[in-house]
Amino acid sequence: MANVGSKSQSTISRVWAQIKPKIGVFSKYAKEELSPPTVSDISAMRKSLSKIIKNAKNGSFKHLTVRDAWLNTLVTMEVCFWFYVGECIGKRHLVGYKLFMKYNQQNYTPLYGTQIMYDNFNL
């Protein structure tokens, strides 16, 4: 039994030795990337947004290199995909919303309003 304890302790110490530097890198990036924006960040965002609007108005986006256009496309796609993932998490389904419709037993017409409110306790 003592042999199992010493092996598990050495395994834990080896795993901790491998994880410790990765935790340091993670915490460094987490402090930088997950912090709320500062006042200087907000002003930089405003300048960047005004630059994007100015470039869209005068057509300078036509002079982008293929690499820059591809990077802009990838960033836009990433934002759209994260929005989609957030929607899927929020609705708890991949496609559509799960609706619970109660029907009147006599003529199979949907129940609306206060009828459903009082019937929700009998799901």
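**Close-up views of a predicted helical chain**

**Overall surface of the protein chain.** The accessible surface of the protein chain comes to about 11,800 Å², of which carbon and sulfur atoms account for 66%, in what is a predicted model. Of the 123 residues in the protein chain, 4% count as buried.

**Order of the elements.** The protein chain has four helices and zero strands, and its elements, read from the N terminus on, follow the order α-α-α-α.

**Helix 3 and the residue that follows it.** Helix 3 covers residues 66–91, and at 1.5 Å a residue its 26 residues should span 38 Å, which agrees with the 37 Å that separates its end C-alpha atoms. After helix 3 comes arginine 92, whose phi is positive, near 60 degrees.

**A nonpolar surface patch.** Trp70, Leu71, Leu74, Met77 and Phe81 together make a nonpolar surface patch of about 500 Å². In an α-helix there are 3.6 residues a turn, so residues three or four places apart point the same way. Phenylalanine 81, one of the residues that make this patch, has its place in helix 3. Because the relative accessibility of phenylalanine 81 is 52%, and exposed means over 50%, this residue counts as exposed.

**Surroundings of an aromatic ring.** Lysine 28 lies over the face of tyrosine 29, at a distance of 4.8 Å from the ring centre. As for contacts between rings, the count of aromatic pairs, for which ring centres must lie within 6.5 Å, comes to zero.

How values were computed. Residues are numbered from 1 along each chain as its sequence is written. This is a predicted model: local features need pLDDT of at least 70, side-chain atom pairs count only at pLDDT 80 or more; totals for chains, interfaces and linings use all residues. Side-chain values use heavy atoms; hydrogens and water are left out. Rings of Phe, Tyr and Trp (its six-membered ring) pair if their centres lie within 6.5 Å; planes under 30 degrees apart count as stacked, over 60 as edge-to-face and the rest as tilted. A charge sits over a ring if NZ of Lys or CZ of Arg is within 6 Å of the ring centre and within 35 degrees of the ring normal. Helices (H or I, at least four residues) and strands (E, at least two) are DSSP runs, numbered from the N terminus. Buried means under 20% relative accessible area, exposed over 50%, partly exposed in between (1.4 Å probe, protein chains only). Accessible areas come from the Shrake-Rupley method with a 1.4 Å probe; for residues, only the protein chains shown count as cover. The expected span of a helix is 1.5 Å times one less than its number of residues. Patches are made of residues with over 30% relative accessible area and no salt bridge: like charges are joined within 9 Å, nonpolar side chains (Val, Leu, Ile, Met, Phe, Trp, Tyr) within 5 Å. A salt bridge is a side-chain nitrogen of Lys or Arg within 4 Å of a carboxyl oxygen of Asp or Glu.
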